[in-house]
Amino acid sequence: MTNLLKDGERLDDLEMKGYQIIQNPNRFCFGMDAVLLSDFAKARGDVKAADLGTGNGIIPILMSARYEGVHITGLELQMESADMARRSVIYNNLEERIDIVTGDIKDAANLLGASSFDIVTTNPPYMIADHGLRNRDDAKTIARHEVACNLRDILTQSAKLLKVKGHFYMVHRPFRLAEIFYEMVLAGIEPKRMRLAYPYVDQEPNMVLIEGIKGAKSRITVEKPLIIYEKQGVYTDEIYQIYGKQKDE
């Protein structure tokens, strides 16, 4: 199966059900935010999910490992990333559970089908387009900066994709929370659950996990803080649990 790899690529072990993922360090490798989102998102039962901006398919693969009944369609603009995602799906024998579609998030409802999903997940670009921007066409730039789509595009299309009472899950940066909530409500996705992630207990949060429900009433639950590191180089017990590891490994 290693013939699925192309120049510059590697296979990384996800340490979940034996699944592995193809990555290319010269493009974009997944981070902890994707792992936290796949844990935060709930996909119980036989449900249909869409992952917007799926990259190399990390969130569909992780969610397939966590939830037996879910079928996930990943949408990715960049052809090379979508190709890696498809090859990872094949490598892990997940062709019946994961579909990868190449296309623009701004056309997601037309590509994937309006009102046809129970769940939408997304780990979108965090940075406003011009913030530290160097090369608009670079794969890492497209993954990190809002050059191909923005927050409103993502939320508008997510609302179109979701069935009424469907669930939306996103990981983002806390400095944009006011904008995120405003855009969610504008799109018809009511914020219902939020959890802030902190590098250390005495530092400011650097990630936020958000759940919204299409067409729900206004009421949000703020969950307890998620602390990443107990000390330098040592995760907290909860992070080890999310990764499916023991602390002494």
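**Contacts, helix packing and salt bridges in the predicted model**

Setting aside neighbours within four places in sequence, Gln157 touches Ile105, Lys106, Asp107, Ala108 and Ala109, where contact means heavy atoms within 4.5 Å. Gln157 sits in helix α6; helices here are DSSP runs of H or I with at least four residues, strands are E runs of at least two, and both are numbered from the N terminus. With a relative accessible area of 7%, Gln157 is buried. The cut-offs are simple enough: buried is under 20% relative accessible area, exposed is over 50%, and partly exposed is in between, using a 1.4 Å probe and protein chains only.

A quick word on the ground rules. This is a predicted model, so local features need pLDDT of at least 70 and side-chain atom pairs count only at pLDDT 80 or more, while totals for chains, interfaces and linings use all residues. Residues are numbered from 1 along each chain as its sequence is written, and side-chain values use heavy atoms, with hydrogens and water left out.

Zooming out, the protein has eight helices and 13 strands. Of its 249 residues, 52% count as buried. Taking contacts between residues at least 6 apart in sequence, 69% join residues at least 24 apart.

Gly103 is in the loop between β5 (98-102) and α4 (108-112), and at 13% relative accessibility it counts as buried. Beyond the neighbours within four places in sequence, Gly103 is in contact with Leu75, Glu76, Leu77 and Leu111.

Now for the helix pairs. Two packed helices are described by the angle between their axes and the distance between the axes. The axes used here are lines fitted to C-alpha atoms, for helices over the stretch in contact, with angles running from 0 to 180 degrees between N-to-C directions.

Helix α6 (residues 151-161) packs on helix α7 (residues 177-187) at an angle of about 35°, and their axes are 9 Å apart. On the α6 side the contact is made by Leu151, Arg152, Leu155, Thr156 and Ala159, and on the α7 side by Glu179, Ile180, Tyr182, Glu183, Met184, Leu186 and Ala187. By class, that contact has eight nonpolar, one polar and three charged residues. The classes go like this: Ala, Val, Leu, Ile, Met, Phe, Trp, Tyr, Cys and Pro are nonpolar, Asp, Glu, Lys and Arg are charged, and the others, Gly among them, are polar.

The axes of α1 and α2 come within 9 Å and cross at roughly 40°. That makes α1 oblique to α2, given that angles under 35 degrees count as roughly parallel, over 145 as roughly antiparallel, 65 to 115 as roughly perpendicular and the rest as oblique. Here, too, α1 passes α2 in a right-handed crossing. Ala34, Val35, Leu37, Ser38 and Asp39 of α1 meet Ile58, Ile59, Leu62, Met63 and Arg66 of α2. Seven nonpolar, one polar and two charged residues make up this contact. As for α1 itself, the helix is mostly covered, with eight of its nine residues buried. Those buried are Met32, Asp33, Ala34, Val35, Leu36, Leu37, Ser38 and Phe40.

That leaves the charged pairs. A salt bridge is a side-chain nitrogen of Lys or Arg within 4 Å of a carboxyl oxygen of Asp or Glu, and the count comes to 12. Arg66 and Asp39 form one of them, at 3.5 Å from N to O. The bridge runs from α2 (residues 58-66) to α1 (residues 32-40), linking residues 27 apart. Both ends are partly exposed: Arg66 has a relative accessible area of 24%, and Asp39 is at 23%.

Glu211 and Arg193 also pair up, at 2.6 Å from N to O. Glu211 lies in strand β9 (residues 207-214) and Arg193 in strand β8 (residues 189-198), so the bridge ties together parts 18 residues apart in sequence. Glu211 is buried at 8% relative accessibility, and Arg193 is buried at 12%. Elsewhere, salt bridges that share partners join Lys6, Glu9, Asp83 and Arg87 into one network. Within it, the side chains of Glu9 and Arg87 meet at 2.7 Å, N to O. Glu9 is in the segment before β1 (10-13) and Arg87 in helix α3 (residues 79-91), 78 residues apart. Glu9 and Arg87 are both buried.

Key: Left-handed = near helix turned anticlockwise from the far one by under 90°.
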